[in-house]
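Please prepare a short briefing on the strand arrangement and the aromatic contacts of the structure shown here.

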Amino acid sequence: MSTEHTDRFDAAFHDIAVRHERNWMFIAVTMIALLFIAAVFLVVHDYGVVAKTSAIYSDPNTPSTLADFQGSGVRQTGPDSYSVYEIGRAWSWTPGTATPLQLPVGARVTFYVTSGDVLHGFEIQGTSINLTAIPGVVGHVSYTFDKPGTYYIICNEYCGAGHQAMIGKIVITGRAQA
């Protein structure tokens with residue numbers, strides 16, 4: 001008789017313990033999921049590290065023929081804002097490789113990036129800028145350069161035999177005179 005009583009007690013205790021363990025596991029997994037979602041939201045929206053696509057063309061050569069991508073590739077869009085139109089081609093960035101980009105410190109710069117031949121990785125060292133230059137696709141990302149200095153544009157996507165030499169320069173100078 002004591003064995004039967006002990007077995008019922010053990011079974012009831014086991015059922016309660018399993019129910020409590022399931023509840024706590026559910027709470028723990030829910031908290032981890034919410035923390036993950038909050039972290040992703042913070043990175044995407046607060047830090048602005050997500051590049052956006054401006055345009056997609058059926059002909060991959062179209063972006064390089066647009067007026068914005070002609071000439072120096074740098075347009076002043078406001079008192080403290082600029083647009084830079086970059087084309088990656090084997091094995092240079094236009095503008096940036098032959099002649100460094102010159103921009104004032106504190107300016108908000110929006111980079112519009114495309115490729116004229118194959119996939120290239122557009123990364124500016126020392127910043128959060130990192131996007132893929134795709135033929136026929138114009139991606140854009142904005143950044144404010146808070147410190148003067150030289151920033152290097154590198155290709156971080158293998159694009160052929162001269163890939164290691166695909167380096168451009170951005171020189172951030174003191175504040176522009178108004």
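**Sheet and aromatic contacts**

Five strands make up an open sheet with mixed pairing, in the order β5-β11-β10-β7-β8. Strands β5 (101-104) and β8 (130-133) stand at the edges with a single partner strand each, so one side of each is left without a neighbour in the sheet. This is a predicted model, in which local features need pLDDT of at least 70, side-chain atom pairs count only at pLDDT 80 or more, and totals for chains, interfaces and linings use all residues. Residues are numbered from 1 along each chain as its sequence is written, and side-chain values use heavy atoms, leaving out hydrogens and water.

**Strands**

- Strands are DSSP runs (E, at least two residues), numbered from the N terminus.
- Two strands pair if DSSP finds at least two bridges between them.
- Strand β7 (residues 120-124) pairs with strand β10 (residues 149-155) in the antiparallel sense, over three bridges.
- The bridge partner of I124 in β10 is I153.

**Aromatic rings**

- The whole structure holds eight aromatic pairs, where rings of Phe, Tyr and Trp (its six-membered ring) pair if their centres lie within 6.5 Å; planes under 30 degrees apart count as stacked, over 60 as edge-to-face and the rest as tilted.
- The ring centres of F111 and F122 are 5.6 Å apart and their planes stand at 50°, so this pair is tilted.
- Both F111 and F122 are buried, that is, under 20% relative accessible area (1.4 Å probe, protein chains only).
- F145 and Y151 form an edge-to-face pair, with 5.0 Å centre to centre and 65° between the planes.
- W93, F111, F122, Y143, F145 and Y151 form one aromatic cluster.

Key: Helix = DSSP H or I, 4+ residues; strand = E, 2+ residues; numbered from the N terminus. Buried < 20%, exposed > 50% of the residue type's maximum accessible area, 1.4 Å probe, protein only.
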